[in-house]
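Welcome! Please take a look at the structure below, and then let us walk through it together.

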2 protein chains.
Amino acid sequence: MVKVLAKDLFTKEYKDGEEVTIEGWIRTLRGSKKIGFIEVNDGSFFKNVQVVFAKADMEDEFDEIKKFPISTTIEITGALALTPDAQQPFEIHAAKITELGSSDVDYPLQKKAHSYEYLRTIAHLRPRTNTFYSVFKIRSIAAFAVHEYLQHHDFSYIQTPIITSSDAEGAGEMFQVTTLDLDNVPKTDDGKVDYKEDFFKKETNLTVSGQLEVEAFALSLRNVYTFGPTFRAENSHTGRHASEFWMIEPEMAFADMQDEIDVSEELLKYVVQYVFDHAKEEVQFLNDNVDENLIVRLQNTVSEKFAQITYTKAIELLEDADEDFEVPVKWGLDLEAEHERYLSEKVFKKPVFLTDYPKDFKAFYMRANDDGKTVAAADLLVPEIGELIGGSQREERIDVLEEKLKDFDLNPEEYKWYLELRKYGGTVHSGFGIGFERLVMYLTGMKNIRDVIAYPRTPGNAEF
Amino acid sequence: MVKVLAKDLFTKEYKDGEEVTIEGWIRTLRGSKKIGFIEVNDGSFFKNVQVVFAKADMEDEFDEIKKFPISTTIEITGALALTPDAQQPFEIHAAKITELGSSDVDYPLQKKAHSYEYLRTIAHLRPRTNTFYSVFKIRSIAAFAVHEYLQHHDFSYIQTPIITSSDAEGAGEMFQVTTLDLDNVPKTDDGKVDYKEDFFKKETNLTVSGQLEVEAFALSLRNVYTFGPTFRAENSHTGRHASEFWMIEPEMAFADMQDEIDVSEELLKYVVQYVFDHAKEEVQFLNDNVDENLIVRLQNTVSEKFAQITYTKAIELLEDADEDFEVPVKWGLDLEAEHERYLSEKVFKKPVFLTDYPKDFKAFYMRANDDGKTVAAADLLVPEIGELIGGSQREERIDVLEEKLKDFDLNPEEYKWYLELRKYGGTVHSGFGIGFERLVMYLTGMKNIRDVIAYPRTPGNAEF
């Protein structure tokens, strides 16, 4: 008895008639009086293994097996029958089928199709469907591809803190972290919350970005990145926003905006190619069932050099567009998804970098351009998604940065350590951030961010 | 002019006399009237590049350069002089040195040694020291080795949620996550906190483990793992505990306790070997300066088969030990670090798995053994650290699990989805958790967890 994995059966060489044993879950089962068919999935591979069982081979148990509910866990021992000309390249002719774990007739995933909304309510079971099996396999493979590309290019992975006492970019919408008793919040004499009683002896929040913290490491280890969870307490109910999501934030010393643009393009292409190579069946399934343009879009991403124009030029293109935008276009507008998608889908038909954005709606740490109006920021806009990557050269000039903090009404005392990165051997440096869930949506064709997160957190929803 | 990296200079072939340009930070600088020496580090490699500059070659700037403070960012162009018989295999004879970023004479990292305590107060600068450069390089390399081993063994990476509404193992010490205004907490009519007003419409916390959530994926994708931050709001001030730390939690369907023991041993060996291969200079430095037993201990980890005994046998060994333990030993005791270290350091002199612990101090989800007293749990104890890995076979029998929930005073309604993983095709499954910071301590010889975390969070400390 040789225990085998479905993955091995589909990808390695076996002899016709070889006896194998496989464990897995029943995906479908149908039977007549004398013969039955089971599709079993063992988790190791997208495809199911076809099992044939006959009353003649297992007189007593045959009728029992025929009644197994979907998702019963079974072990099958039998002979491999190679069927190279059939759609299924092989099947197992069962000599013995053993129940390892029972299931129930009220199993929520019967053969009919279920809505994504319903499947979100059974997030613990939905990876058993073809669609979500594919999504979470691709998510895993893409995460590893990110690590592999960066590590093989000498980027060091830094885990920046999740709990933070700084409010990063001055973004207001943060989750507070506390051990105070909310039934009975301790107060100071003047009636304010007494944070001396809190766990960290001050007010703390969940991070919105690890960028500032990782910059310190770029100025010592040169090429670094974060890859971890970030949080926004925005009361946003769109299919593009979640309250908890993962970000990839590479940061490079001795690199300018064009350098970070080039690295981000190369990284994205590497990830797409890696997913093609390591999740063929899953990508094909999603292309056939979820987004018929998926494979073409991804192939295009790998093969085409991305376009690159300035924000100012993009505004001209949008103003000239024969298109009714919901939000009217003019210089100074922070582009909406509709504009971003128009540029990448209609004008360039591929990913496009926009550079040199107006300083007014970009973060304080982005390097001021000489025109006094724009900063050295670059966003990558892609079809279907809009903004996928946001990067910039960072302001390395301490005097300019100090002015910027004032302009943004940020407390220089809180950024003392950040300013010191410029005081003691600053240098040109740049970085970018990729919203990992948006990347997974791009790679899978899924349209709602809730459907690419294992257990999504959105306003009013923190189940499981 | 060819821009090169220090890493390339130390690891690739160059011709004597070849002209190169390198950017980096001054680590040391000394000069006489006519000649000066700079050790420059560019972040790409542990070792510094030796630069020689002469008054004869740069008449005017020579005296300026000699005054550059430590950590000034410079660009050097010059000829490579290969010195294969010297301690340094090469040096650069500078033709031109340009300042890219100034530093200051009050730079906090002067050449003298600093205490780890002091360096924690300048966490943004400490990766510029040899010790912390090494620690964070090794941390990065070890993280990648974990991903590589698991991905190459078909484990899928699942990002389980950070914000959770369940209290996992019934652990009380959690951080609360909220958007309620603490100055003015909304109350219901009966005077309790009105969580309907909170962001998620219920009480939420930071996760202490992703295990339960990732089990759902093991029962569909077979081999899975989490690798992410976890949190404990314990008011603990030891060198072994942090409030925020990363955990690696693999979980496997169709695997029993012995299977998870075997995988965890193979994974640990893989990571140690990978660090040896990819951070030679860093490991050597830490062995020479931080922990003189480091290399021997790590080599031993790779080459020796780990020991394995039952908890009951371990208690016998400890009772027979000629050693004064602070906490006296008897069956039923949850072992302390002193006991764990005695077993691995004195008795076995290598890592040792303890199995089949008393059920009373282990989690509810661990599989009950037939003796009625113990569970199928396995902890790996290692020299210097104590417990490094904690694993178990999970209880797959729904009736036994329901009894356990009662025994642990946990609400079965909250675990309904977790019970359903047993109701609909359960199977033997197992997993383990590695505290990533403890692993990094083991790999680096550092003795305080605060010194292996980029920006450590401990009671009263959430700086940066």
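How many helices and strands does chain A have? Chain A has 13 helices and 16 strands; here helices (H or I, at least four residues) and strands (E, at least two) are DSSP runs, numbered from the N terminus. This is a predicted model, in which local features need pLDDT of at least 70 and side-chain atom pairs count only at pLDDT 80 or more, while totals for chains, interfaces and linings use all residues. Residues are numbered from 1 along each chain as its sequence is written, chains are lettered from A and ligands numbered from 1 in the order in which they are written, and side-chain values use heavy atoms, with hydrogens and water left out.

## Chain A in outline

The C-alpha trace of chain A spans about 85 × 60 × 45 Å along its principal axes. Of the 464 residues in chain A, 62% are buried. Buried means under 20% relative accessible area, exposed means over 50%, and partly exposed lies in between (1.4 Å probe, protein chains only). Chain A exposes about 18,500 Å², and carbon and sulfur atoms supply 46% of that area; accessible areas come from the Shrake-Rupley method with a 1.4 Å probe, and for residues only the protein chains shown count as cover.

A contact means heavy atoms within 4.5 Å. Among contacts in chain A between residues at least 6 apart in sequence, 67% join residues at least 24 apart.

Chain A carries 53 positive and 85 negative charges, and their mean positions are 3 Å apart. Lys and Arg count as positive and Asp and Glu as negative, while His and the chain ends are not counted. The place of a charge is taken as NZ of Lys, CZ of Arg, CG of Asp or CD of Glu.

## Salt bridges

Side chains of opposite charge can pair when their charged atoms come close. A salt bridge is a side-chain nitrogen of Lys or Arg within 4 Å of a carboxyl oxygen of Asp or Glu. Over all chains, a search of the whole structure finds 58 salt bridges. Here are some of them:

| Side chains | N to O distance |
|---|---|
| A:Glu265 and A:Lys305 | 3.2 Å |
| B:Lys67 and B:Glu64 | 3.9 Å |
| B:Arg367 and B:Glu396 | 2.8 Å |

The pair A:Glu265 and A:Lys305 links distant parts of the chain, 40 residues apart. A:Glu265 sits in helix H6 (residues 257–278) of chain A, and A:Lys305 in the loop between helix H8 (294–303) and strand S12 (307–310). A:Glu265 is buried at 6% relative accessible area, whereas A:Lys305 is exposed at 54%.

In chain B, Lys67 and Glu64 form a salt bridge. B:Lys67 is exposed, with 60% relative accessibility, and B:Glu64 is partly exposed, with 48%.

What about B:Arg367 and B:Glu396: are they buried or exposed? Both are buried. B:Arg367 lies in the loop between strands S13 (352–358) and S14 (374–382) of chain B, and B:Glu396 in the loop between strand S15 (386–393) and helix H11 (398–407), so the pair ties together parts that are 29 residues apart in sequence. Back in chain A, salt bridges that share partners join A:Asp291, A:Arg297, A:Arg341, A:Glu345, A:Glu384 and A:Lys447 into one network.

## A charge without a partner

A:Lys404 belongs to helix H11 (residues 398–407) of chain A. A:Lys404 is buried yet has no salt bridge, and the nearest side chain of opposite charge, A:Glu395, is 5.5 Å away. Not counting residues up to four places away in sequence, A:Lys404 touches A:Ala363, A:Phe364, A:Met366 and A:Val375.

## Sheets

Two strands pair if DSSP finds at least two bridges between them. One open sheet has six strands with antiparallel pairing, in the order S7(A)-S9(A)-S8(A)-S8(B)-S9(B)-S7(B). Its edge strands are S7 (163–164) of chain A and S7 (163–164) of chain B, each pairing on one side only. Strands S8 (residues 176–178) and S9 (residues 204–206) of chain B are antiparallel over two bridges, and B:Val177 has B:Thr204 as its bridge partner.

Chain B also has an open sheet of eight strands with mixed pairing, ordered S6-S10-S11-S16-S15-S14-S13-S12. The edge strands are S6 (156–157) and S12 of chain B. Seven of the seven residues of S13(B) are buried, so S13(B) is largely enclosed by the rest of the structure. S13(B) runs parallel to S12(B), joined by four bridges, and antiparallel to S14(B), joined by six.
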